[in-house]
Amino acid sequence: MNSPQGIEAPDALVASYTRNGGEEERTWIARLPALVAELLDRWELERDGGTGSGEASLVVPVRRTDDTRAALKLQMPRAETTAALIGLRAWNGDGIVRLLDHDPESGAVLLERLDGSRTLASVEDDDVAMSTLAGLMARLHSVPAPKGLRGLGDVARDMLASVPAAVAALPDPEDQRRLHGWASAVTELAGEPGDRMLHWDLHYDNVLAAEREPWLAIDPEPLVGDPGFDLWPALDTGWEKLHATGDAPRVVRRRFDVLTEALGLDRQRAVGWTLARLLQNTLWDIEDGRTTIDPSQTAVAEALPRH
């Protein structure tokens, strides 16, 4: 999708919004090139390379008037974009990409520029990579959670309310038993959901090389809760490559050890909250029409330490 200014919304991003969205989404994606041009002018930014995109956002590399490099990120305003803004303000660049400016109306943010071509997945030694991620996670969790973020207690209650219908959608008795087991783990922990600010999606591809520090986190989906609920993306990161080695259970257990030690977590609670993430992922899969538990979810559950 082109604009007179030569700004483009990548085809994959356009397809994501038009395939999965309604009229509001289609209107937003159609206006996106003009919105980029408007923000470039308002913030006196010069484009500095080709645009990039994820499933829901457009990233435009830019330079500011003082010649510092930055990244203009645009995503349709939703609850999660508001949460991300709250989190980025509170973290103020401590272990995470720094927020430079934002536009309240459009939800656009101006971020410090990181090296999008080099993620933590490029580190060959998994212990080194996971220790780096654990260090960033510990810093993120240490910042007091601000007001305005959703709490894990509400998330847990919503999950548990969805379990009966989800179990009914699984024809395999073993899958039904597994889902009930994960729900039981959530029930035991739901009364103490925790009070730390979580990233909620911290894995190797959401840690980029930087100039200010060797590595910084990106793309948070902040939530207030127990740090154990933040572990699953790290345990599962690079799953296809990991599974292909035939050594996935050992690596998952090793990652779990590294994370829980670095974060000072109670291991039993961390196992329970990780099972909560597996429950959440499976509930989402069932909402999307799946009728079996994804094998990767089962594999992670079976690899977790037993007490």
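This is a predicted model: local features need pLDDT of at least 70, side-chain atom pairs count only at pLDDT 80 or more; totals for chains, interfaces and linings use all residues.
Trainee: Let's start with helices H5 and H10. Are they roughly parallel, roughly perpendicular or oblique to each other?

Mentor: Helix H5 covers residues 152-168 and helix H10 covers residues 267-287. They pack at an angle of about 55 degrees, with their axes 10 Å apart.

Trainee: What kinds of residue make the contact of H5 with H10: how many are nonpolar, polar and charged?

Mentor: H5 brings Leu-152, Val-155, Met-159, Ser-162, Val-163 and Ala-166 to the contact. From H10 come Trp-273, Ala-276, Leu-279, Gln-280, Leu-283 and Ile-286. Sorted by type, the residues of this contact are 10 nonpolar, two polar and no charged.

Trainee: H10 also meets H11. Are these two roughly parallel or roughly antiparallel?

Mentor: Helix H11 spans residues 295-303, and its axis comes within 10 Å of that of H10. The axes cross at roughly 170 degrees. Angles over 145 count as roughly antiparallel. H10 and H11 are therefore roughly antiparallel.

Trainee: How many residues of the contact of H10 with H11 are nonpolar, polar and charged?

Mentor: On the H10 side you will find Leu-275, Leu-278, Asn-281 and Thr-282. They meet Gln-297, Val-300 and Ala-301 of H11. The residues of this contact divide into four nonpolar, three polar and no charged.

Trainee: Which helices do the buried residues of H11 pack against?

Mentor: The buried residues in H11 are Ser-296, Gln-297, Thr-298, Val-300, Ala-301 and Ala-303. Their packing partners are H6, H7, H8, H9 (248-263) and H10.

Trainee: Now for the loops. Is Thr-237 buried or exposed?

Mentor: Thr-237 sits in the loop between helix H7 (232-236) and helix H8 (239-244). Buried means under 20% relative accessible area. Thr-237 has 7%, so this residue is buried.

Trainee: Which residue's backbone nitrogen does the side chain of Thr-237 reach?

Mentor: Leaving aside neighbours within four places in sequence, Thr-237 is in contact with Met-130, His-203, Tyr-204 and Arg-255. The backbone nitrogen that its side chain reaches, at 3.1 Å, belongs to Tyr-204.

Trainee: And Glu-192, which residues is it in contact with beyond its neighbours within four places in sequence?

Mentor: Look in the loop between helix H6 (173-189) and strand S8 (196-198). Glu-192 has 54% relative accessibility, so it counts as exposed. With those sequence neighbours left aside, Glu-192 is in contact with Arg-269 and Trp-273.

Trainee: How far apart in space are Glu-192 and Asn-92?

Mentor: In sequence, Glu-192 and Asn-92 are 100 residues apart. In space, C-alpha to C-alpha, the separation is 28 Å.

Trainee: What is the phi of Glu-44?

Mentor: Glu-44 is in the loop between helix H2 (23-42) and strand S1 (46-47). With a relative accessible area of 56%, Glu-44 is exposed. Its phi is positive in a residue other than glycine, near 55 degrees.

Trainee: What about the phi of Asp-67?

Mentor: Asp-67 belongs to the loop between strand S3 (57-63) and strand S4 (69-75). Although Asp-67 is not a glycine, it has a positive phi of about 75 degrees.

Technical notes: Residues are numbered from 1 along each chain as its sequence is written. Side-chain values use heavy atoms; hydrogens and water are left out. Helices (H or I, at least four residues) and strands (E, at least two) are DSSP runs, numbered from the N terminus. Buried means under 20% relative accessible area, exposed over 50%, partly exposed in between (1.4 Å probe, protein chains only). A polar contact is a pair of N or O atoms within 3.5 Å; within protein, one must be able to donate a hydrogen and the other to accept it, and residues adjacent in sequence count only if both atoms are side-chain atoms. Contact means heavy atoms within 4.5 Å. Axes are lines fitted to C-alpha atoms, for helices over the stretch in contact, and angles run from 0 to 180 degrees between N-to-C directions. Ala, Val, Leu, Ile, Met, Phe, Trp, Tyr, Cys and Pro count as nonpolar, Asp, Glu, Lys and Arg as charged, and the others, Gly among them, as polar. Angles under 35 degrees count as roughly parallel, over 145 as roughly antiparallel, 65 to 115 as roughly perpendicular and the rest as oblique.
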